[in-house]
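I would ask you to keep the sequence and the model in view while I speak.

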Amino acid sequence: MVVFETSAHYYRFFANESRRGGSPLYERLSLGIAESPELQRLAAGRKKGQPAANLIFGAVQYLLLGDIDDPLKDYYPSLGGKRAADDGAFDLFAAFCSAHEAELAEIISKRATNTNEVGRSALLLPAFDLLARETGTPLGLVEIGSSAGLNLNFDRYGYRYTDEKGTPRLERWTDAQFVLSCVLEGSAIPPLRQFPPPVGSRVGLELYPTDGRDANEQRWLKALVWPERLDRLAKLDGALKVIVAHPPRIRGGDAVANLASALAEIPSNQTPCVYHTIMGYQLNGDQHTSINNTLFAASKTKPVWRITVEGEVAHSNPTETFNPLKVSRYFNGERRVITLAVCDPHGLSMEWKQA
């Protein structure tokens, strides 16, 4: 977990992450907020553990996605804007926040970063497939931090893994209603069978559940997508259509506290598999310890598996993160961890590391 010395340091870090993630607008706005204590205070009323930048940017875009007409929209490709990020973008952003301060503060106080990046299913699929092949039984899936549960429907999507130029290198189920694309970096290709990994049961654990069938909740999910990432918006639209037909079971409440009971509900003929993607930053040290202890306790009589794609840092006071795809096997007091790939956090690319 990254600890920042000051709010300004945090926003400069977020500016760098925005640049790496393909959002010049959020990079410019983050640098501006880093110099503005007034804008930093806008997120003061957020829920505990919620990231300030994501909430501020999400709340602003949420209002812009409504019926508000403001010149700030000209900088948002997600809203049809064509202007490149410049100093004028921050000036308009600051003015918008000032004009709508009460509305933004209310959204920030009530909402959570329910980012539901369905592109991560392309990262999870090879890990689920490996697990199903190794155990030979259907998977009993428990997702921590599931939001609307788009990734719980991973086996209902098609997949196209390509090279950097878009030429297919590996394809599966491309006649599906919704098909995800992911760039394979490097020479290795993940092994995938011709049929999806069998799923026996699935449940999401989410502190602040999101109903992906509700128009207002869909608007919030779209507001959390960075404005330049029209590709991610298109994927979100496609996955939401699937969720209307196949709404997953989401259990509200403290996911860490509910993990043990969720594992206990998995039938004995299924392989317990807990997974989570880019949510660990919202947990404190005690919660991380609690998850590990719960998995050790549940694995006394049979193996329990954990699949993760989480941001990690290689040194203190970092300027960037990397995101490995890891599979952990818990059994009888021991944990074995392997790294399968290094990934883009939004599922745009992955470099497979296993032979």
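A salt bridge, as I use the term today, is a side-chain nitrogen of Lys or Arg within 4 Å of a carboxyl oxygen of Asp or Glu. Please also bear in mind that this is a predicted model.

Let me begin with the charged pairs. Side chains of opposite charge can pair when their charged atoms come close. D231 is partly exposed, at a relative accessible area of 33%, whereas R229 is buried, at 13%.

How many salt bridges does a search of the whole structure find? The search returns 20 salt bridges, and I shall describe a few of them.

R20 and E17 form a salt bridge in which the closest N and O atoms are 2.8 Å apart. Both residues belong to helix α1, which covers residues 7-20, and because they are 3 residues apart there, about one helical turn separates them. R20 counts as partly exposed, with 37% relative accessibility, while E17 counts as buried, with 17%.

The next pair is E265 and R251, whose side chains meet in a salt bridge at 4.0 Å, N to O.

I turn now to the cysteines. A disulfide is a covalent bond between the sulfur atoms of two cysteines. The count of disulfides in this model comes to 0. C273 is in no disulfide, and the nearest cysteine sulfur, that of C343, is 15 Å away; the cut-off for a disulfide is 2.5 Å between the sulfur atoms. C273 is buried, with a relative accessible area of 0%. C97 is likewise buried, at 2%.

My next topic is helix α7, residues 121-135. This helix has 15 residues and reaches 20 Å from its first C-alpha to its last, close to the 21 Å expected at 1.5 Å a residue. Is α7 enclosed or exposed? Of its 15 residues, 12 are buried, so α7 is largely enclosed by the rest of the structure. Among the buried residues are L123, F128 and L131. Just after α7, G136 takes a positive phi of about 70 degrees.

In soluble globular proteins, nonpolar side chains tend to be buried together. The largest nonpolar core here has 47 residues, and Y161, I307, L325 and M350 touch the most other members. Which helix gives the most to this core? That helix is α7, with 9 residues.

Y161 deserves a separate word. Leaving aside neighbours within four places in sequence, Y161 is in contact with residues including A122, L125 and P126, and A122, L125 and P126 are buried residues of α7. The contacts of Y161 also include C182, L192 and M350. A second, separate core has 38 residues, including L29, L42, I68 and W226.

Thank you for your attention.

Definitions and conventions. Residues numbered from 1 in each chain as written. Predicted model: local features only at pLDDT ≥ 70, side-chain atom pairs only at ≥ 80, totals over all residues. Heavy atoms only, no water. Helix = DSSP H or I, 4+ residues; strand = E, 2+ residues; numbered from the N terminus. Buried < 20%, exposed > 50% of the residue type's maximum accessible area, 1.4 Å probe, protein only. Expected span 1.5 Å × (residues − 1). Core = buried A, V, L, I, M, F, W, Y, C linked by side-chain atoms within 4.5 Å. Contact = heavy atoms within 4.5 Å.
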